[in-house]
Amino acid sequence: MERTELERREVMFTNKRIFRLLWPVLIEQTLASTVGIADTIMVSNIGDTAVSAVGLIDTINNMFIQIFAAISTGATVVIAQLSGRGDYGGVKRTVSQTVALMTLVMSTIALCVIAFGSYIVDILYPEIEPAVRENALAYFRITGASYPFFGMMTIITGIFRGSGNTKTPMRVSLGVNLINVGLNALFIFGFDMGVAGAALATLIARVVGMLLLFRVLLAKYGKDILKWINLHFTKAILKPVLNISLPSGFDTALFQSGRLIISVFVGTMTTAQMSGNTIAGSMFGLICIPGMSFAIVATTVSGQCYGAGRRREARTNLLKCLWMSMAFLSALSVVLYFILPQVVSIYKPSAEAQPVAIGILKLYLVMIPLTWPPAFVAAHGLRAVNDVRFVTMISIPSMWIMRVMGAWFIGIKLGMGPLGLNLAMCLDWVVRTAFYVPRILMMKRLKTDVLPESAEQKV
């Protein structure tokens with residue numbers, strides 16, 4: 001049988017090219033998580049009150065960060081598909097308008113946080129101790145001011161990744177994280193600024209990161225991306241981005257709202273329980289580094305293959321990223337399991353907080369390799385092949401039924417505390433896995449290649 005034009009082409013992404021995309025992302029994610037851990041370790045020297053305050057506010061910050069990432073996902077997917085299709089004019093217009101949109105949205109959110117931060121903290125955490133509230137409010141207002149700059153960093157990073165450039169975000173991340181760590185040490189230990197010093201270090205580092213990335217963006221796409229003709233919002237350009245960003249953003253907003261509710265549950269617990277939960281949450285980011293790195297790469301690889309009409313290759317590469325991330329996470333978890341007490345001791349937890357952190361982390365080390373990649377690497381890949389609605393339809397009920405209601409029942413009603421809250425989270429991953437993996441294997445449009453639209457037709 002004669003092969004089709006698509007079948008005669010060489011594959012777009014060999015294993016070597018996938019790993020070439022992966023290693024800069026892996027380094028970048030490691031740096032980000034390491035800095036997050038370093039921040040928590042420095043803050044832990046102030047005491048459990050400071051650690052608890054940072055943990056509560058970081059739950060809110062992470063909600064907005066994930067919303068930024070959802071908007072960025074739309075741009076990443078569309079730019080990956082346009083790059084695979086060869087439509088570079090569409091890429092430039094998408095870059096201009098998504099950057100402008102992100103700036104507008106994030107600036108509005110930052111102003112609301114600065115103006116109404118005290119009301120938000122009091123509504124979400126009415127029962128926290130006065131000392132925790134004071135630290136939380138200071139940390140919240142300063143980190144909230146950094147939202148526009150972090151949002152710009154996120155969207156520009158997504159643009160570079162969608163076009164297949166993962167090295168530039170890594171290099172900028174290296175510089176930003178070094179600045180963050182250095183300023184943290186200076187403000188906390190040198191100037192004795194407490195949690196406000198940690199927040200100010202984050203703000204300055206994000207401003208520098210945004211300026212560096214924006215400079216590279218102008219060098220790559222030219223200063224004409226700042227012209228009104230490119231910045232002016234148009235339906236033809238933003239609709240494909242928003243078709244992915246809005247469902248992803250809605251999904252993420254509800255997901256993070258659920259996490260906020262769970263953080264309210266945490267706020268009713270003892271300071272030692274909150275501190276132990278914060279330490280475990282800090283380590284969670286480190287453990288998931290390989291998984292998140294493969295999720296980012298899966299978006300680029302699957303999106304470019306799908307945009308080029310190579311849908312079977314998109315599915316093959318998505319599954320490849322899924323299995324490889326499980327293997328990486330399994331190896332990391334085995335190593336960490338045997339040195340867990342020593343790792344936790346770095347945070348200098350109180351005698352009451354240490355067993356809480358260790359118990360949660362043991363749960364992570366078992367469940368993350370088995371269920372996190374099928375739940376989240378798969379979700380990133382499905383969004384990259386325009387299946388964002390299915391992901392949203394599964395993730396929202398799973399989040400609210402398994403994670404939120406399960407957290408209340410297991411953690412509060414049954415009295416299991418922070419361990420129960422995290423067990424409910426793991427059950428959420430199990431449910432997502434049960435739907436996403438069969439979806440990848442059975443989706444009909446990933447079993448047949450198509451000839452992509454020409455650049456002229458797309459424009």
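Analyst: What follows goes through the salt bridges, then turns to a ring pair.

This is a predicted model, in which local features need pLDDT of at least 70, side-chain atom pairs count only at pLDDT 80 or more, and totals for chains, interfaces and linings use all residues. Residues are numbered from 1 along each chain as its sequence is written, and side-chain values use heavy atoms, with hydrogens and water left out.

Start with the idea. Side chains of opposite charge can pair when their charged atoms come close. Here a salt bridge means a side-chain nitrogen of Lys or Arg within 4 Å of a carboxyl oxygen of Asp or Glu. The count is 5.

Now look at aspartate 387. One of its partners is arginine 439, with the closest N and O atoms 2.8 Å apart. Aspartate 387 lies in the loop between H15 and helix H16 (388-413), while arginine 439 lies in helix H17 (residues 417-442), so this bridge ties together parts that are 52 residues apart in sequence. (Helices are DSSP runs of H or I, at least four residues, numbered from the N terminus.)

Arginine 445 also bridges to aspartate 387, at 3.5 Å, N to O. Arginine 445 sits in the loop between H17 and helix H18 (455-458), so here the linked parts are 58 residues apart in sequence. Together, Asp387, Arg439 and Arg445 make a network of salt bridges.

How covered are these residues? Buried means under 20% relative accessible area, exposed over 50%, and partly exposed in between (1.4 Å probe, protein chains only). Aspartate 387 is buried because its value is 5%. Arginine 439 has 28%, so it counts as partly exposed. Arginine 445 has 27% and is partly exposed too.

Another bridge stays inside a helix. Arginine 432 meets aspartate 428 at 3.0 Å, N to O. They are 4 residues apart in H17, so about one helical turn separates them. Arginine 432 is buried at 4%. Aspartate 428 is buried at 0%.

Rings of Phe, Tyr and Trp (its six-membered ring) pair if their centres lie within 6.5 Å; planes under 30 degrees apart are stacked, over 60 edge-to-face, and the rest tilted. The whole structure has 8 such pairs. Among them, phenylalanine 284 and tyrosine 364 are edge-to-face, 5.2 Å centre to centre with 65 degrees between the planes. Phenylalanine 284 is in helix H11 (residues 271-287) and tyrosine 364 in helix H15 (residues 353-384), so the pair ties together parts that are 80 residues apart in sequence. Tyrosine 364 is buried, at 3% relative accessibility.

Terms used: Helix = DSSP H or I, 4+ residues; strand = E, 2+ residues; numbered from the N terminus.
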